[in-house]
Amino acid sequence: MRKSTRALLAAALVLGIAAGPALAPAFAAQRSAATAAQAAPADLSAVIAGLPRADATAALVRVGGTEGSWRGSAGVHDLESNAPADPAARFRAGSVTKVFTAATVLQLVAEGRIDLDRPARAYLPDLIPGRYARVTVRQLLNHTHGIPAADMPGETVEEWYANRFAVHTPEEMVRSATAKPREFRPGTKQHYLNIGYTIAGLIVERVTGDSYEHQVERRILRPLGLRDTYFPGRAAEITGPYNHGYQTMRLDDGTTGLRDVSVWGTTDGWAAGDLVSTTADLERFTRVLFAGGVVRGPLLEEMFTLPEVPDLKTGDPAAYSVGLSMKRLGGREVWGKTGGRWGYNAAIASTRDGARTLVYSVNSTDAKGQDMNPTALRLMVAAYGLPD
């Protein structure tokens with residue numbers, strides 16, 4: 001476990017989360033959002049009580065699976081009206097998008113249209129230069145490709161905010177990344193970055209002759225009835241109801257405070273991080289995915305297989321598979337994916353057998369900070385328990 005994670009878990013304990021699985025097997029089922037604060041299991045209720053606070057303005061939570069289910073919401077729709085947070089609101093799911101991308105690629109593998117062991121350059125010879133000729137599709141998806149991140153304008157949140165409406169094409173981002181020397185020999189280390197999924201999205205388009213977004217829609221969103229999940233494209237505003245997201249930054253008067261960052265372009269994320277969804281949709285997706293209803297047969301195991309390589313930065317064992325990541329919490333493996341866009345943190349998680357699932361959206365005031373949001377961390381620990 002990384003030192004930063006250790007420190008955050010210690011902080012979670014200080015904030016009142018008990019060790020071990022926090023939810024009784026028979027906790028109250030199907031509670032309405034309006035009564036969540038009174039009816040929630042004690043630990044989950046404590047986590048979201050008191051919002052808004054310094055680290056978050058709202059939280060939407062769903063716990064499900066064979067061990068029981070619970071739904072809760074807390075905080076505000078926006079800081080101006082102080083109206084209660086909408087439990088059915090849409091939000092930016094960030095890197096949870098990668099799970100949808102990985103599942104789409106694996107479906108195409110099952111159809112014989114993509115080969116996980118084939119070099120990415122074989123599909124995109126006009127974009128992938130010779131220095132990356134040996135990078136395979138599987139390595140793109142499990143972050144062992146060695147391709148560095150694309151260059152983006154700005155180095156501070158204030159500069160990124162000033163460029164929030166800039167449009168980035170996936171081809172532009174791939175050219176920027178692959179123009180640089182590789183970080184390591186492919187398949188020897190793991191470095192979590194968006195670029196592998198940007199390339200994977202382009203491969204989906206190349207082999208299908210269709211847009212990446214339409215392929216995900218026809219293969220996953222429509223079959224599963226995920227009606228509130230969509231790709232915003234170049235639109236900077238979330239369509240439909242949403243709870244506002246805020247970011248701590250330097251304001252126009254020189255002070256530091258919260259700025260509404262709900263309207264922010266996501267073309268830099270694309271197949272790696274631009275999805276908009278709801279907790280209900282993501283809960284259904286998680287349940288069906290883990291049950292083998294999205295990716296079928298042996299290919300599903302790609303999502304539950306960690307590469308046997310070290311992390312580039314820490315030297316720890318790899319934590320990311322194809323689309324997912326894994327931690328041992330409360331004595332069992334918990335698989336899932338977190339995501340962050342300015343103003344929003346999201347996650348899906350489940351035990352391998354689907355006994356307990358967790359989906360949350362936290363309107364974090366530093367959603368892309370180096371450390372995990374305290375409210376999001378406490379939700380994960382409350383749902384599953386502490387690391388072994």
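Is Phe100 buried or exposed? Phe100 counts as buried, at 0% relative accessibility; here buried means under 20% relative accessible area, exposed over 50%, and partly exposed in between (1.4 Å probe, protein chains only).

1. A word on the basis. This is a predicted model, in which local features need pLDDT of at least 70 and side-chain atom pairs count only at pLDDT 80 or more, while totals for chains, interfaces and linings use all residues. Residues are numbered from 1 along each chain as its sequence is written, and side-chain values use heavy atoms, with hydrogens and water left out.

2. A nonpolar core is taken as a set of buried Ala, Val, Leu, Ile, Met, Phe, Trp, Tyr and Cys residues joined through side-chain atoms within 4.5 Å. The largest one has 74 residues, and Phe100, Ile199, Ile220, Phe285 and Met303 have the most contacts inside it. Helix 4 (residues 97–110) gives the most to this core, with eight residues; helices (H or I, at least four residues) and strands (E, at least two) are DSSP runs, numbered from the N terminus.

3. Around Ile199. Leaving aside neighbours within four places in sequence, Ile199 is in contact (heavy atoms within 4.5 Å) with Ala120, Leu124, Ile128, Leu140, Ile147 and Val174.

4. Aromatic pairs. Rings of Phe, Tyr and Trp (its six-membered ring) pair if their centres lie within 6.5 Å; planes under 30 degrees apart count as stacked, over 60 as edge-to-face and the rest as tilted. The structure holds nine such pairs. Phe100 and Phe285 are stacked, at 3.9 Å centre to centre with 15 degrees between the planes. This pair links helix 4 to helix 10, 185 residues apart, and Phe285, like its partner, is buried: 0% for Phe285 and 0% for Phe100.

5. A second ring pair. The planes of Phe290 and Phe304 stand at 75 degrees with ring centres 5.2 Å apart, so this pair is edge-to-face. Phe290 lies in helix 10 and Phe304 in the loop between helix 10 and strand 7. Phe290 is buried at 7%, as is Phe304 at 10%.

6. Charges over rings. Arg352 lies over the face of Phe304, at 3.7 Å from the ring centre, where a charge sits over a ring if NZ of Lys or CZ of Arg is within 6 Å of the ring centre and within 35 degrees of the ring normal. Arg164 lies over the face of Tyr161, at 3.9 Å. Tyr161 also belongs to a cluster of ring pairs with Trp160, Trp264 and Trp342.

7. Salt bridges. The structure holds 16 of them, each a side-chain nitrogen of Lys or Arg within 4 Å of a carboxyl oxygen of Asp or Glu. Arg352 turns up again here, meeting Glu301 at 2.7 Å, N to O; the two are 51 residues apart. Glu301 is partly exposed at 38%, and Arg352 is partly exposed at 29%.

8. Another link. Arg328 and Asp388 form a salt bridge with their closest N and O atoms 2.6 Å apart. Arg328 lies in strand 7 and Asp388 in the segment after helix 11 (374–384), so the bridge ties together parts 60 residues apart in sequence. Asp388 is exposed at 58%, whereas Arg328 is partly exposed at 39%.
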